[in-house]
2 protein chains.
Amino acid sequence: LRFAVLAGGTGSAKLLRGLKAVAGEFTVISNVGDNFWRHGLFVAPDLDTAVYTLAGLEDSLRGWGLRGDTFNALGQLARMGEETWFNLGDRDLATHIFRTEQLARGRRLAEITSMICERLGVKQRVIPCTDDRLETYVTTSTGPMHLQEFWVKNRGEPDVIGVEYRGEDGAKPVRAAVEALEVADRIVFCPANPVTSILPILAVNGIRQAIGRSRGRKVAVSPMVGRGPVSGPAGKMMRAIGVEANSLAVSRLYGRLVDCMIVDPADSQDAKVIEREGIEAVESPILMRNLGDEARLAREVMTA
Amino acid sequence: LRFAVLAGGTGSAKLLRGLKAVAGEFTVISNVGDNFWRHGLFVAPDLDTAVYTLAGLEDSLRGWGLRGDTFNALGQLARMGEETWFNLGDRDLATHIFRTEQLARGRRLAEITSMICERLGVKQRVIPCTDDRLETYVTTSTGPMHLQEFWVKNRGEPDVIGVEYRGEDGAKPVRAAVEALEVADRIVFCPANPVTSILPILAVNGIRQAIGRSRGRKVAVSPMVGRGPVSGPAGKMMRAIGVEANSLAVSRLYGRLVDCMIVDPADSQDAKVIEREGIEAVESPILMRNLGDEARLAREVMTA
């Protein structure tokens with residue numbers, strides 16, 4: 001069976017770890033909206049989180065970066081008076097240095113990501129949804145700012161009025177991502193912030209259509225438990241785009257793209273409405289506290 | 001008294017440390033011929049050695065890089081299959097990342113070097129001889145290669161047929177370097193490999209002329225003791241350009257640019273010939289084993 005998995009962020013990493021344990025081969029189509037240039041290097045946090053997780057090198061406690069990494073280069077940049085609010089470990093820097101050098105040589109992000117996967121021994125394919133510039137910008141009361149500036153530099157504190165995906169009009173999908181979606185027997189939407197992880201992927205021209213053309217079953221895992229997200233700024237972001245922060249609203253954001261929503265038993269009220277709206281709802285615990293939880297939920301998305 | 005110091009490499013760093021201890025203020029005009037792009041970053045080893053030394057951050061045992069640095073980013077690059085024969089510490093990488101970002105923003109090397117000096121608390125001025133591309137290439141029996149490829153990657157082993165300074169026709173001097181030379185009361189040629197540290201500085205159009213225009217006394221320290229250099233590939237390089245590897249030959253390479261050569265007492269035969277050729281020769285131990293030696297030789301170049 002061919003799985004294509006839409007992923008971005010820490011909840012996605014947990015499900016990817018579960019899928020790695022129980023499914024083995026699959027294709028990850030990663031968000032790129034959180035990519036940005038930092039200290040002159042091209043940083044791709046969601047992409048790297050997926051790659052590091054599948055390589056078994058991830059720092060699973062922090063949810064980002066490499067396990068056991070040090071931060072001496074960043075400390076020196078701070079000493080030099082640079083703003084160092086975005087954490088970059090020394091080993092992690094190797095990835096950004098490599099990627100930036102390859103971009104300067106004219107290689108595209110998807111190709112470079114394949115190279116990194118191969119060199120780190122990742123068996124699954126990890127594909128950015130687009131090679132083009134697509135950046136999630138958050139409109140706050142003090143103006144627009146990049147997602148990383150909002151979430152990391154300003155700790156998610158500013159009021160959010162809206163969200164835009166800069167570059168979405170021109171961003172073309174990576175061909176291998178479209179093909180993986182078209183031939184997939186199952187397409188999985190990871191439990192992720194819909195606004196900052198999944199919708200940016202769907203904003204790339206041709207991705208929605210490829211999912212629509214697929215005959216595979218489309219299963220989404222809600223990132224919400226009860227009246228809010230498991231972690232992160234999903235609630236604030238969803239309210240900013242004018243919807244509530246619950247599993248029903250997530251289901252409505254994905255709409256007819258998905259056949260089945262996995263929601264937490266705490267959201268059985270939402271599940272009933274989701275069913276009435278024509279999407280199958282499966283109740284299953286979505287909190288992943290350890291590899292056992294991750295593998296169990298992975299099996300659920302493979303069979304639901 | 002205004003000192004201008006031509007510098008490059010590890011012998012120069014020792015004299016700079018001595019000058020810092022006894023002279024305080026001076027201007028360093030640094031070699032750039034060993035600069036090169038590595039992993040997509042612009043690395044300037046001689047420039048950084050001068051800056052780190054004057055900042056008191058240098059690893060004086062190794063003769064390059066920052067004291068107490070770690071090498072985790074480089075280790076990860078190696079794990080990713082990159083060639084990592086050029087050692088770059090994690091803290092050291094901060095300098096290269098900063099410089100490369102500033103270059104990408106359109107700043108010139110001299111300006112960036114001033115920024116680094118200021119941020120690291122360096123009181124002396126450190127000026128690259130040129131902002132333009134000037135790279136020392138070594139012609140070997142297997143073809144030309146960058147100095148770093150010859151010296152670091154190939155451990156100085158290939159036979160050397162010749163040396164060229166790529167870019168010397170177009171390289172313009174940094175204006176502040178020319179001015180510092182013109183107004184200097186004393187110009188010091190550090191004990192350095194003439195072929196790879198001093199001659200590349202002199203190869204920049206206008207530098208020789210600025211030294212010639214200066215009314216200051218010009219004092220050079222020989223890097224040779226007896227029949228060879230204190231360290232490094234100076235002997236091989238000098239033979240490659242058709243001269244012998246001794247203090248007399250160094251004196252002849254600098255010619256009328258210098259008024260006075262400081263040579264080791266072991267080279268008193270050379271000293272006599274140097275005097276006969278019209279350049280004052282001062283015999284003084286040039287080996288610097290500790291800060292005491294460094295300060296003593298610094299006082300010698302300040303007063304000779």
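Predicted model: local features only at pLDDT ≥ 70, side-chain atom pairs only at ≥ 80, totals over all residues.
Chain A and chain B bury about 2400 Å² between them, and the interface includes two salt bridges. There are zero disulfides over all chains.

**Where chain A meets chain B**

- Start with the head count: 25 residues of chain A are in contact with 25 residues of chain B.
- Of the roughly 2400 Å² buried between the two chains, carbon and sulfur atoms give 63%.
- On the chain A side, A:Q76, A:M80 and A:I97 lose the most area to chain B, and together they make up 26% of what that side buries.
- As for charge pairing, the A–B interface has two salt bridges. One salt bridge joins A:R119 to B:E82, with 2.6 Å between the closest N and O atoms.
- Three helices of chain A, α3 (72-79), α4 (90-104) and α5 (109-119), each bring at least two residues to the side that touches chain B. The largest share comes from α4(A), with eight residues.
- Sorted by class, that side of chain A has 12 nonpolar, seven polar and six charged residues.
- If you're counting polar contacts as well, seven residue pairs make them between chain A and chain B, with both partners at pLDDT 80 or more.

**Cysteines without partners**

- The disulfide count over all chains is zero. A:C129 is in no disulfide, and the nearest cysteine sulfur, on A:C190, is 13 Å away.

**Helix α8 of chain A**

- Buried residues in α8(A) include A:P194, A:V195, A:T196 and A:S197. Further along α8(A), A:I198, A:L199, A:P200, A:I201 and A:L202 are buried too.
- At the start of α8(A), a side-chain oxygen of A:N193 comes within 2.9 Å of the backbone nitrogen of A:V195.

**Two loop residues in chain B**

- B:N31 sits in the loop between β2 (27-30) and β3 (36-38) of chain B, yet B:N31 is buried, at 0% relative accessibility.
- The side chain of B:N31 makes a polar contact with the side chain of B:D46, at 2.9 Å.
- Setting aside neighbours within four places in sequence, B:N31 touches a range of residues, among them B:A7, B:G8, B:L47 and B:C129. Its contacts also include B:T196, B:S197, B:P200 and B:I201.
- B:G89 is in the loop between α3 (72-79) and α4 (90-104) of chain B, and B:G89 is buried as well, at 2% relative accessibility.
- Beyond its neighbours within four places in sequence, B:G89 is in contact with B:D69, B:T70 and B:F71.
- For a sense of distance, B:G89 and B:F26 are 63 residues apart in sequence, and their C-alpha atoms are 28 Å apart in space.

Terms used:
Residues numbered from 1 in each chain as written. Chains lettered and ligands numbered in written order. Heavy atoms only, no water. Disulfide = S-S within 2.5 Å. Contact = heavy atoms within 4.5 Å. Buried area = accessible area lost by both parts, 1.4 Å probe. Salt bridge = Lys/Arg side-chain N within 4 Å of Asp/Glu carboxyl O. Polar contact = N/O pair within 3.5 Å; in protein donor to acceptor, adjacent residues only side chain to side chain. Helix = DSSP H or I, 4+ residues; strand = E, 2+ residues; numbered from the N terminus. Nonpolar A, V, L, I, M, F, W, Y, C, P; charged D, E, K, R; others polar. Buried < 20%, exposed > 50% of the residue type's maximum accessible area, 1.4 Å probe, protein only.
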